[in-house]
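This report describes the fold-level numbers of a two-chain model and then turns to a few individual residues. The sequence and structure come first.

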Amino acid sequence: MEREDILKELGIKEPGKEEIESILEKEDMDHLVGGKKISKKKLSLAFIGGTLIFILLISTFYFLTSSSEKEYRDQVRIFKKLLEEKRYEGKDVSHVIDLSRKAEIAYRNRDYKQALELIKKAIEELRRL
Amino acid sequence: MKRLNRYDGLAMGIILVSTLLSLWRLNIFPVFVDIFYHMSVTKGFSIAGGIVLHDFWEFAPLGRVHLYPPFLHVIMGFMYRFLPMITVGKIISFIMFPLVQLSVFLYVREVFDRKTSFYTVLLITVPFNFYRSQALTNATSLVLVLTPLVFLAVEKRKLLSSVILMSMALYTHISMPHIVSAGLILYAVLNREKRKLILKTLGISYLLFLPWLIHVLVNSKEISAATFGTILQSEMHLIPIFFGFIGLVYCFLKKKHYYLPAMYFLSMIIILYKYPMRFWAHMALGISILGGISLSEIENAIIRNQKRYGMTLGFSVAVILMICFNIFDPVFTTTPIGNEFDNKDPTIMTLLKGNVQPSLITPETMELCRIVEENTNPEQIFFITNPTIGCLITSLTGRSQILGMWHEVQPEIKTPPAAAKLLIFDNKFLDNLRNKKPELLRNLKYVGKTERYTAFLQNRPVKAKSRIPKVVFPEILAYILLFSGIAGLIFDIRRS
């Protein structure tokens, strides 16, 4: 980094070379010594690039590991909570329970897509009640 | 050496707090299983009187070829001369995390700056899975401790130190040091100034490593090609990874010495091929350096135009981030059948709460050691259904076991348990045996019991005995070499 740049950076008029080094050390600005000037452009580029790699990594792993089976189990949790609420309100939930039983049978037969569809339908029905 | 400033104070504060908390939780050490393998190797070397090329303490009576590089076991062997084996295991398991914090602190501070070094220490302390892996995978952990020091020696153009440190790494673990070499080679390709020094460092280090390398290559057919875990099984600590990726791109843009951490991180991706699960823990070293670089530059960019209160503002940002990162650790975990986002406790918080698995050194395992020691002679073999506890028993009693750990290397032959003088069955195994093959229990004499295990002695005479192979490198010579290396390092550092 140029002497003038350092002076400008620190807002100091005309110190000697040793003085500059001493100020930089004291003021936690050793990143300015040895030409390590911050480049805003490079940092912005790195921020965009790094964020893109990060999103790419997380989304790849997310989609590779998302499965109908897990989603079904998540939906069952929602279903159970809703069912309890509706029962507490005194609603007739027998036809919804039929749907959930069918979904459970499909799940046991490892037809996760069918199970997911049925449990979602059951949740919709519950919400309508 | 740069003068200490307030960022150094913060970094040292983190190291001190995590170390003190580890000391407070000393009962969790040695963590989990790997240390028992290393303790048993140390005991084996101690019984033989030096380094041997054949395991006689595992898969007895025939054993198997010994391929594990011996540096860690030489250090442990030296400690074992003055301390009990359990204390040696505890120290080795406990010390690796503070050591990696210190070594990365030194490298980043001297090659980059003090602010970057603080952020690096902060990020490496966040993921508890890295803390755990440092306490667990002891030999790999030692390589991770040595890696930043190798980089520092290379950057400071200290050929002797870089050769000594790289050779130490090569003699510590069978695969991890080659990742360091790969990172250095890629760096040498991109940075002409350091090319010659890196080639000299690697050339001389591999020449020094040649005897063990030849031994490994000659017996390479004994190494299993199995992959451990699946690539979809991951634990991503989002804060270090996010800032690490920004740092990765930034290092490519900044070039020169910024290339080295980037190249090292890229080389680490090879771990995904063989040990996918371990990658997500070990990567913390590379990703923290990169994250430290990006966080420090982000802070510099924020305070750049703040003339009056810039320094105070920057330091306040650092303190706030330090507090936040030690409270929140958002983690994305995946398995082949699902994934979830969760907020886990960072290392310091986990140690503070004490949510950690206790050590396998319990009154029960100590009782098993007593039973084995009292009922067998030194050359007699024992069988236990859990080979990890078997290694622990071997390391404390010196008796060889029928099974063993580190399954990457095949045993000469899988000996049936009947060859053992003493048999220790866990209770579930014993129930199965009673139901399915009760005749196998007929010639056994009950000698002791713990909560989970029952021990029997063979009534019939047992001929199988463990045989100690010839020592290829005497213990005393190994210690002389160890201290010569340390003396060489001190000499090289003081020379400047």
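Among the contacts in chain B between residues at least 6 apart in sequence, 75% join residues at least 24 apart. The model is a predicted one. In chain A, residues 24 or more positions apart account for 53% of the contacts with a separation of 6 or more.

**Chain B**

Chain B contains 21 helices and 12 strands. Its radius of gyration is 24 Å, close to the 23 Å that the globule rule gives for 496 residues, so chain B is as compact as a globular protein of that length. Taken along the principal axes, the box filled by the C-alpha atoms of chain B is roughly 85 × 45 × 40 Å.

**Chain A**

Chain A has 6 helices and 0 strands. Read from the N terminus, its elements run α-α-α-α-α-α.

**Burial and surface**

| Chain | Residues | Buried | Accessible surface | Share from carbon and sulfur |
|---|---|---|---|---|
| Chain A | 129 residues | 36% | about 8700 Å² | 53% |
| Chain B | 496 residues | 59% | about 20500 Å² | 65% |

**Gly286(B)**

Where in chain B is Gly286(B) found? The residue belongs to helix α15, which covers residues 284-303 of chain B. Is Gly286(B) buried or exposed? Its relative accessibility is 0%, so Gly286(B) counts as buried, the cut-off being under 20%.

Which residues does Gly286(B) touch, leaving aside those up to four places away in sequence? They are Tyr264(B), Phe265(B) and Met268(B). For Ile269(B), the C-alpha to C-alpha distance to Gly286(B) is 10 Å, and the two residues are 17 residues apart in sequence.

How values were computed
Residues numbered from 1 in each chain as written. Chains lettered and ligands numbered in written order. Predicted model: local features only at pLDDT ≥ 70, side-chain atom pairs only at ≥ 80, totals over all residues. Heavy atoms only, no water. Helix = DSSP H or I, 4+ residues; strand = E, 2+ residues; numbered from the N terminus. Rg over C-alpha atoms; globule rule 2.2 N^0.38 Å. Buried < 20%, exposed > 50% of the residue type's maximum accessible area, 1.4 Å probe, protein only. Contact = heavy atoms within 4.5 Å. Areas by Shrake-Rupley, 256 points an atom, 1.4 Å probe, with all protein chains shown as cover.
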